[in-house]
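Here is a short briefing on helix packing and a few selected residues. Look at the model first, then read the points below.

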Amino acid sequence: MDKKNIALSEAAGCVLIYSVAVLLHFVYPLSDGAALSIVFGAVNESVWEHTKIFAAPYIGWALIQLCWLRVHFRQYVVAKVIGLYLLAGMIIGSSYLMSLFSDHAVLWADIAASLIAVLTAQGMTYRLETAENRLKDYFYPALMLLTLYYLMFFSFTIFPPKTELFRDPIGGGFGIVEKIAEKEG
């Protein structure tokens, strides 16, 4: 395992993940609601949709890395799943933390918080991938958690729970079904 290549790869991932997430933020309106944009892009301004736009490039980059990095597969998968949950948790947590200080979204603070979340998730993943630990023993639970995450990922845009995490602060709606109903109504 070449720690230098892994570190460079994780650093490059920070740039790629963040850049693709920014594009995914705008893909739904720019594509006029194309099916793939609903799955991977933000359909509204809810915290969940902002979390979702970072998950796809995070896992996409992890799969690309897996093709050329020489890592211990099971340890790598566990590290990436932990990183995915850390990334989502930090985006959700920072959003709610910022809401304690301001009634409206502060763009620069949202950008900074999401950038810090990406940097932290990638950094944590690097440390877990390269450390001498027994993470590989948690491979099957990690696969279950990854499956759970993507079941939520794909279903909550269409059928979101009626909680604050999924509420669009601008329109007040939840998910894509209400958005489509508004267009048709």
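Helix 4 crosses helix 5 in a right-handed sense. A crossing is right-handed if the near helix is turned clockwise from the far one by less than a right angle, and left-handed if anticlockwise. Helices (H or I, at least four residues) are DSSP runs, numbered from the N terminus. The model is predicted: local features need pLDDT of at least 70, side-chain atom pairs count only at pLDDT 80 or more, and totals for chains, interfaces and linings use all residues. Residues are numbered from 1 along each chain as its sequence is written, and side-chain values use heavy atoms, with hydrogens and water left out.

**Helix 4 with helix 5**

- Helix 4 covers residues 73–99 and packs on helix 5 at an angle of about 155°, with the axes 8 Å apart. Axes are lines fitted to C-alpha atoms over the stretch in contact, and angles run from 0 to 180 degrees between N-to-C directions.
- Helix 4 is therefore roughly antiparallel to helix 5. The cut-offs are: under 35 degrees roughly parallel, over 145 roughly antiparallel, 65 to 115 roughly perpendicular, and the rest oblique.
- The contact of helix 4 with helix 5 has 16 nonpolar, seven polar and three charged residues. Ala, Val, Leu, Ile, Met, Phe, Trp, Tyr, Cys and Pro count as nonpolar, Asp, Glu, Lys and Arg as charged, and the others, Gly among them, as polar.

**Helix 3 with helix 5**

- Helix 3 (residues 47–68) meets helix 5 (residues 107–130) at about 30°, with an axis separation of 12 Å.
- That angle makes helix 3 and helix 5 roughly parallel.
- The crossing of helix 3 and helix 5 is right-handed.
- From helix 3, Phe54, Tyr58 and Trp61 touch Ser114, Val118, Ala121, Gln122 and Thr125 of helix 5. Contact means heavy atoms within 4.5 Å.
- By class, this contact of helix 3 with helix 5 holds five nonpolar residues, three polar ones and no charged ones.

**Buried positions in helices**

- Ala56 sits in helix 3. Its relative accessibility is 19%, so Ala56 counts as buried. The classes are buried under 20% relative accessible area, exposed over 50%, and partly exposed in between (1.4 Å probe, protein chains only).
- Leaving aside residues up to four places away in sequence, Ala56 touches Leu24, Phe40, Tyr150 and Phe153.
- Ala56 and Val39 are 17 residues apart in sequence, and their C-alpha atoms are 9.5 Å apart.
- Thr130 belongs to helix 5. Thr130 is buried, at 8% relative accessible area.
- A polar side-chain atom of Thr130 lies 2.8 Å from the backbone oxygen of Tyr126.

**Loop positions**

- Arg134 is in the loop between helix 5 and helix 6. With a relative accessible area of 57%, Arg134 is exposed.
- The side chains of Arg134 and Asp137 make a polar contact of 2.7 Å. A polar contact is a pair of N or O atoms within 3.5 Å; within protein, one must be able to donate a hydrogen and the other to accept it, and residues adjacent in sequence count only if both atoms are side-chain atoms.
- Arg134 and Arg74 are 60 residues apart along the chain, with 9.9 Å between their C-alpha atoms.
- Glu164 lies in the loop between helix 6 (139–155) and helix 7 (175–184). Glu164 counts as partly exposed, at 44% relative accessibility.
- A polar contact of 2.8 Å links the side chains of Glu164 and Arg167.
- Glu164 and Thr130 are 34 residues apart in sequence and 37 Å apart in space, C-alpha to C-alpha.

Definitions and conventions: Helix = DSSP H or I, 4+ residues; strand = E, 2+ residues; numbered from the N terminus.
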